[in-house]
Amino acid sequence: VAAPPSEIDVANHERWIDVELSTQTILVMEGDAPVYATLVSSGRGKQGAYNATPIGTYRVWAKLTSANMDNLEDENANRYYRMETVPWVQFFSKGVALHGAFWHHSFGHVRSHGCVNLAPRDAEKIFYMTNPRIPAGWTAVLPTRSEPGVVVRVR
């Protein structure tokens with residue numbers, strides 16, 4: 001089990017997320033204690049490539065119950081994609097997010113265009129375990145000073 005990241009201040013009992021690319025796993029931590037773990041599918045590119053999951057420590061900057069995701073604006077794409085209503089989205093590094101993936105069952109294996117794919121049930125559980133909390137009836141929320149986004153460390 002990993003210690004909390006030192007790059008971003010994590011409060012003593014604050015929940016945070018640890019994504020380990022080498023094992024394709026995600027741990028939701030509370031301080032030093034793991035509270036939830038599952039398999040993921042991260043980006044298949046080498047670090048620095050457009051389809052890599054970026055290594056680093058971030059805070060979630062937006063949470064949405066669903067979002068449409070595509071690469072249709074990328075004139076250099078070898079292959080285009082568009083997925084409608086991607087569930088349980090937590091953006092942490094520009095357009096890279098933790099989210100549910102209903103279109104495959106390859107969790108535990110590198111597969112995505114850079115995001116961290118989770119089984120929809122796991123993505124929903126993590127979505128509701130982390131800050132900022134989403135008020136009842138809302139479909140999206142941004143972090144605030146009093147309720148910052150959850151820390152996500154990708155290593």
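Guide: Here are questions and answers about the labels used for this structure.

Guide: This is a predicted model, in which local features need pLDDT of at least 70, side-chain atom pairs count only at pLDDT 80 or more, and totals for chains, interfaces and linings use all residues. Residues are numbered from 1 along each chain as its sequence is written, and side-chain values use heavy atoms, with hydrogens and water left out.

Visitor: Why is Phe 92 called buried?

Guide: Buried means under 20% relative accessible area, exposed means over 50%, and partly exposed lies in between (1.4 Å probe, protein chains only). Phe 92 has 3% relative accessibility, so Phe 92 counts as buried.

Visitor: What does Tyr 58 count as, buried or exposed?

Guide: The value for Tyr 58 is 17% relative accessibility, so Tyr 58 counts as buried.

Visitor: What makes Tyr 58 and Phe 92 an aromatic pair, and why is the pair called tilted?

Guide: Rings of Phe, Tyr and Trp (its six-membered ring) pair if their centres lie within 6.5 Å. Planes under 30 degrees apart count as stacked, over 60 as edge-to-face, and the rest as tilted. Tyr 58 and Phe 92 are 5.4 Å apart, centre to centre, with 50° between the planes, so the pair is tilted.

Visitor: How do you know that this pair links distant parts of the chain?

Guide: Tyr 58 is in strand β4 (residues 56-59) and Phe 92 is in strand β6, 34 residues apart. Strands (E, at least two residues) and helices (H or I, at least four) are DSSP runs, numbered from the N terminus.

Visitor: How many aromatic pairs are there in the whole structure?

Guide: A search finds 6. Trp 88, Phe 127 and Tyr 128 form one aromatic cluster.

Visitor: What makes Lys 63 lie over the face of Phe 127?

Guide: A charge sits over a ring if NZ of Lys or CZ of Arg is within 6 Å of the ring centre and within 35 degrees of the ring normal. Lys 63 is at 4.6 Å from the ring centre of Phe 127, and lies over its face.

Visitor: What makes a group of residues a nonpolar core?

Guide: A nonpolar core is a set of buried Ala, Val, Leu, Ile, Met, Phe, Trp, Tyr and Cys residues joined through side-chain atoms within 4.5 Å. The largest one here has 24 residues. Those with the most contacts inside it are Ile 17, Val 19, Ile 26, Phe 92, Leu 98 and Val 152. Among the elements that give two or more residues to this core are β1 (15-20), β2 (25-30) and β10 (151-154). The largest share, 4 residues, comes from α1. A second, separate core of 8 residues includes Ala 62, Val 86, Val 89 and Ala 97.

Visitor: Which residues is Val 19 in contact with?

Guide: Contact means heavy atoms within 4.5 Å. Leaving aside neighbours within four places in sequence, the partners of Val 19 include Ile 26, Leu 98, Val 152 and Arg 155.

Visitor: Why is Arg 155 called partly exposed?

Guide: Arg 155 has 37% relative accessibility, so Arg 155 counts as partly exposed. Its place is in the segment after β10. With neighbours within four places again set aside, Arg 155 is in contact with residues including Ala 2, Asp 18 and Ile 55. The C-alpha atoms of Arg 155 and Thr 57 are separated by 8.5 Å, though the two are 98 residues apart along the chain.

Visitor: How do you know that β6 pairs with β5 and with β7?

Guide: Two strands pair if DSSP finds at least two bridges between them. β5 and β6 are joined by 7 bridges, and β6 and β7 by 3. Both pairs run antiparallel. Met 69 stands opposite Met 83 in β6, and Gln 90 opposite Leu 98 in β7.

Visitor: Why are β8 and β9 said to stand at the edges?

Guide: The open sheet has 5 strands in the order β8-β7-β6-β5-β9, with mixed pairing. β8 and β9 (140-141) each have a single partner strand, so one side of each is left without a neighbour in the sheet.

Visitor: Why is Thr 85 called partly exposed?

Guide: Thr 85 has a relative accessible area of 48%, so Thr 85 is partly exposed. Thr 85 is found in strand β6, and its phi is also positive, near 55°.

Visitor: What makes the peptide bond from Asn 131 to Pro 132 stand out?

Guide: This bond is cis, with omega near 0°. Pro 132 is found in the loop between α1 and β9.
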